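Subject: Structure for you to look at

Hello,

Here is the structure I promised to pass on. My notes on it follow below.

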Amino acid sequence: MHMERMLIFEHDSQAARSAARIAEDVALKVRVAQSIEGFRSALIDEHPDCVLIDLTMPGTDGLDIIRLMAKRECNANVILTSGADPRLLEAAARIATARGLRVIGHLTKPFPSRGLSQMLRQKGGAVPTTFGPVTQHTLELSFSILRQAIENCEFTLAYQPQVRCRDGQLAGFEALARWQHPDGLIAPSRFIPAVERAGLMPEFTARMTEQALSWFRKAILSPPTAYADVVVQSPPTLSINISALNLTRPDFPDVMAKLCEKHSVDSSQVVLELTETAALDDPVLSLELLTRLRAQGFQLSIDDFGAGYSSMQQLVRLPFSEIKIDKAFVASALQSDTSRSVVKSIVELGHSLGLRSTAEGVEDEATLQFLDFVGCDLAQGYFIARPMAGEQLSDWLSSVSEWPFRAMGVHHR
Ligand code: C2E
Ligand code: MG
Ligand code: MG
């Protein structure tokens, strides 16, 4: 009788033994590899049906193993494990999926044996299994549902204004994706990771960019007289969120430049915001693509800075023009000395590197004044305005004299 083969790549003998026992319990024939050479030859010789990989093996960052399997067009069911940061594990799983591997789940070590045996029992099923609080609720957002939603233009954008801390003058807008699903509104924190896992980020970003540019051209660059003076004073920017996965496709800068050309928007007015720089897989390719985007005139922003997934090394290595302070620090600035120090240090760090600083999550006047005091350039948050649909934003722009932060008078330096 043909027995399905499982290859376990794990350097810790005890962990390998316990994973092997679980696999044998569900009638798999197990082979354990403890070095990258052993793993490579087992992969080639044995064509395993299922592969379990510990991403924190000595001498590799785990991503080269993913690349190796993708290169060999490995079609096994893949389970990723790691004792490191769960977000890194999730990022690695997204990269593996984007590279065409069939990831059926990922587990943070030490994982419960029930988690692994459940995955192995379900392997081969159409629905990938994942465990952990972040991913569990995204299971039903399958590739075909997401692709259809993209094609049917179900994703729309809300725009949130940004102002200068110094004098409250309008500085720009951030475009934020919204999904009005028939069952209710689905939050970006839920569908963005699903779009990434489905490998649909290139299509998604192109559609969102197209929508944002078309709105920007009409509402801001060719404004109605009701608020023309507000947007003509100083040309505002348009911020678009991109994913680390966009930087795995060599044609990304050209796609973005062509879209700007099509909508007659100068790329220097477009800011591309990148989060989770830790998920940048190929350091040379991502550096090259970001550099090309800068050369084409785009501004680049490192989003959620300070949140832990955007490192100092990435900040220095990559050609960013803006640093966006994570809202967790901004929102707690008034209550916490530590948060105030963090915000102040990030603004200073940004300025010393020649970057503009933007604070998000500004929810009250005192925080806006604190930001101005420490020299932060731009502010964004509910105190200024909530993210709004395009038409609503036009009304907001028309009511300039009623902008609350204006009425309350931001102090001038
Ligand atoms: P982000 O880019 O850091 O966007 C800022 C988030 O903070 C938005 O959440 C916004 O609605 C929220 N926010 C704004 N002002 C305040 C405030 O005063 N207080 C609080 N508590 N929150 C505020 P949202 O819209 O839920 O988006 C979440 C994340 O999803 C974004 O974080 C971004 O990383 C991602 N995202 C959204 N749209 C896109 C997109 O089109 N493409 C990609 N790749 N990611 C997107
Ligand atoms: Mg953003
Ligand atoms: Mg952010």
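**Ligand 1 and its surroundings**

The side chain of glutamate 360 has an N or O atom 3.2 Å from an oxygen atom of ligand 1. This is a polar contact (a pair of N or O atoms within 3.5 Å; within protein, one must be able to donate a hydrogen and the other to accept it, and residues adjacent in sequence count only if both atoms are side-chain atoms). Please note that the model is predicted: local features need pLDDT of at least 70, side-chain atom pairs count only at pLDDT 80 or more, and totals for chains, interfaces and linings use all residues. Residues are numbered from 1 along each chain as its sequence is written, chains are lettered from A and ligands numbered from 1 in the order in which they are written, and side-chain values use heavy atoms, with hydrogens and water left out.

Glutamate 363 also reaches ligand 1, with a side-chain N or O atom 2.5 Å from a nitrogen atom of the ligand. Tyrosine 382 uses its backbone instead: an N or O atom there is 2.8 Å from an oxygen atom of ligand 1. On its own ligand 1 exposes 800 Å², and 84% of that is buried by the protein (accessible areas come from the Shrake-Rupley method with a 1.4 Å probe; for residues, only the protein chains shown count as cover).

The shell around ligand 1 holds 25 residues, and the closest are Arg178, Asn241, Asp303, Glu363 and Tyr382 (near means that a heavy atom of the residue lies within 4 Å). Strand β7 (170-181) contributes four residues, the most of any element. At least two each come from β7, α8 (188-197), α9 (201-221), β9 (237-242) and β11. Helices (H or I, at least four residues) and strands (E, at least two) are DSSP runs, numbered from the N terminus.

Glu174 (OE), Asn241 (OD1), Glu273 (OE) and Asp303 (OD) coordinate the magnesium ion (ligand 2) at 1.9 to 2.3 Å. Donors are N, O and S atoms within 2.8 Å of the metal (3.2 Å for Na, K and Ca); water is not among the atoms, so sites may look incomplete. Glutamate 273 is in strand β10 (residues 270-274) and aspartate 303 in strand β11 (residues 299-305), so this pair ties together parts that are 30 residues apart in sequence.

Aspartate 303 coordinates both ions, which are 4.2 Å apart.

Buried means under 20% relative accessible area, exposed over 50%, and partly exposed in between (1.4 Å probe, protein chains only).

**Other points**

Lysine 324, in strand β12 (residues 322-325), is buried at 0% relative accessibility. Its side chain makes a polar contact of 2.7 Å with the side chain of glutamate 273. In helix α16 (residues 365-373), the buried residues include Thr367, Leu368 and Phe370. Glycine 375 follows α16 and has a positive phi, near 90°.

Regards
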